[in-house]
Every structure is written in structure tokens, then in C-alpha cells.
Amino acid sequence: MIVDTHSHLYLPEFDDDDSGALAVKRALDAGVGKIILPNVDLTTIEPLHKLCDRFPGNLYPAMGLHPTELGEDPEARLSRIESLLTSPAGRRYVAVGEIGMDLYWDKSREKEQAEAFRRQASLAVSLGLPVIIHCREALPQTLEVLGSLPEVPRGVFHSFTGTDADVDAIRAVGDFYFGINGIVTFKKSTLPATLPHIGIDRILLETDSPYLAPVPHRGKRNESAYIVNTADTVASALGMTREQVETITTANAINLFSLK
């Protein structure tokens, strides 16, 4: 069994696939037994919940506010996210995410992004939940927020594409996992050379569907079934079999997210 630790099968890109249900079934047929679905913004909460409800035991929701989706009233959006995470009668979320910082698209809201990240990461600690971290062109700022917390949450740096030095910088702040997706299969990717420095014991497999489809599907809509191609590349880079990679990364995911 493989665990896709980051997929957005509930997004409009899958509306023609029975709102993502057909893509889930293809993933199950491919051996992807569990899929974690992180939230993006307030508009994605309902479709995320609906898809998870259709596949109990296979789909697991995470709740958070993406750093590029703060909107004109971040306080209202964060309050809504926090109310879902803390509701005693609410559903079980396996993580707070995806949260973090993204200075690729907009550097003007760095302080607001940092505060939103700090709030959600602090809440994750209080709830005993891991975090799913989105970090794009903002590693120093992300690590600064994490390092400022009284307690650093457990979690994963989603869609990691960094260097050995980046891995060391992250590990100096906390014992994190690293989410590896289709980027590792790209021809010019330097990520395969970094994987041995990370080590299989801290690697999680993910797709980030519908984005970042691995070779040979690059340029197409990504989906969780394609994670097998990423697993093959990771296995090659580490001198392991795909079965070994699947077994260890699945155990990693179950451990971090307390999957049942």
C-alpha cells in the first residue's frame, strides 16, 4: 500500500471525475490505500468534506488556510479554520494544513503570512496535531516563525525541492519529514541527489494533485494514482526497490499522521 500524503482531489479540476470520486477509485486500484487531503481556503472546505465522507478509511482531511489565500479579512478566515479544528463535535482532522509561507507570488504580505502561519502552527501544537507546511521562496522566514514558537510542531515540508543545506537548516529547527512529489522525476531536477541526505526514514510520498504530474504524465492533470512513478524514482535514487520505498514511506505517514 502507498499513502499519498498531499492531494487536492476535491478541487474543480476533478469536477468531470464525479467530483474526484473516479480519481480516488483509480488511486485505490493503483495501490494507493490512503490519501490525505489538505484544505486550501474557505471555499474548499465543503467539497473536501464531501469527498472524504464518500471514502471513509481511505481519505483523511487536514484543515488549514493556505498562505496565498488570506484574502481581505484574514482574521475571519483564520477564525473559521480554527473553529473547525477545535470543535468538540467536529470531524477528526489528521493535520493542520496546508499552512506556511509563499513569497513567490506576493512579497507584500509577508508579515500577515507569518502571523497566520504562527497562529495555525501554535494551534497544531495545542491540539497535538502535525503541520503540513507550504514553503515557497520563504525558507528563512518559515524557519524564523517555527523557531520563535515555544514548542515546534511535528510535521512535513510539503513539495520539498531544496538542497542538502536546506535539509540541515530545517533539521536545526525541528525533526521534520520531507514531502517528495513528481518534481523528483523531472529531467532537470536536482532532488534525486538530495534524497540520500534526507534518508528514507524521513521521506513521505505525495502528488499535490492536480499539480506537478510526474514523468511520464508531465503536463497533464495530476492524480493520486500517478504516485507510483514518483515511488520508482525515489527507489532508484536511494538504491532500493519500489516495494521497500512503499513500505517505509507508508509507515512514516502512518506514524506522523496517526492514520488508522
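Good morning. Please keep in mind throughout that this is a predicted model.

I begin with the chain as a whole. Its secondary structure comes to nine helices and eight strands. The C-alpha trace spans about 45 × 45 × 30 Å along the principal axes. How does the radius of gyration agree with that of a compact globule? For 260 residues, a compact globule would have a value near 18 Å, and the protein chain has 17 Å, which agrees. Of the 260 residues, 55% are buried. The accessible surface comes to about 11,000 Å², and carbon and sulfur atoms account for 52% of that surface. As to contacts, if we take those between residues at least 6 apart in sequence, 72% join residues at least 24 apart.

I turn now to the sheet. Five strands form an open sheet, in the order S4-S5-S6-S7-S8, and their pairing is parallel. The edges are formed by strand S4, residues 96-102, and strand S8, residues 203-205, each of which pairs on one side only. From one strand to the next, the twist averages 30 degrees.

Phe 157 stands opposite Phe 178 in S7.

Which helices pack on the sheet or lie across its strands? One of them is helix H4, residues 110-127, which packs on the sheet and touches S4 and strand S5, residues 131-136. The direction of H4 makes about 155 degrees with that of S4. Another is helix H7, residues 191-198, which lies across S7 and S8. H7 runs at about 155 degrees to S7.

Let us stay with H7. Which of its residues are buried? They are Leu 191, Thr 194, Leu 195 and Ile 198. Seen down the axis of H7, these buried residues fall within an arc of 120 degrees, so they line one face of the helix. After H7 comes Gly 199, with a positive phi near 90 degrees.

In helix H2, residues 45-54, the buried residues are Ile 45, Leu 48, His 49, Leu 51 and Cys 52. They cover an arc of only 165 degrees around the axis, which puts them on the same side of H2. What covers them? The cover includes helix H1, residues 21-29, and helix H3, residues 74-86, together with strand S2, residues 32-38, and strand S3, residues 59-62.

The loop between H2 and S3 contains Pro 56. Is this proline buried or exposed? Its relative accessibility is 63%, and because the cut-off for exposed is over 50%, Pro 56 counts as exposed. Between Pro 56 and Phe 14 there are 42 residues of sequence separation, and the C-alpha to C-alpha distance is 19 Å.

I close with some backbone details. The loop between S8 and H8 holds Pro 210 and also Pro 216. The peptide bond from Ser 209 to Pro 210 is cis, with omega near 10 degrees. The bond from Val 215 to Pro 216 is likewise cis, again with omega near 10 degrees.

Two serines have a positive phi, near 50 degrees in each case: Ser 159 and Ser 258. Where do they lie? Ser 159 is in the loop between S6 and H6, whereas Ser 258 is in the segment after helix H9, residues 242-257. Ser 159 has a relative accessibility of 16% and counts as buried. Ser 258, at 41%, counts as partly exposed.

Thank you for your attention.

Definitions and conventions
Residues are numbered from 1 along each chain as its sequence is written. This is a predicted model: local features need pLDDT of at least 70, side-chain atom pairs count only at pLDDT 80 or more; totals for chains, interfaces and linings use all residues. Side-chain values use heavy atoms; hydrogens and water are left out. Two strands pair if DSSP finds at least two bridges between them. Helices (H or I, at least four residues) and strands (E, at least two) are DSSP runs, numbered from the N terminus. Axes are lines fitted to C-alpha atoms, for helices over the stretch in contact, and angles run from 0 to 180 degrees between N-to-C directions. Contact means heavy atoms within 4.5 Å. Buried means under 20% relative accessible area, exposed over 50%, partly exposed in between (1.4 Å probe, protein chains only). The arc is that of the directions from the helix axis to the C-beta atoms. The radius of gyration is taken over C-alpha atoms; the globule rule is 2.2 Å times the number of residues to the power 0.38. Accessible areas come from the Shrake-Rupley method with a 1.4 Å probe; for residues, only the protein chains shown count as cover.
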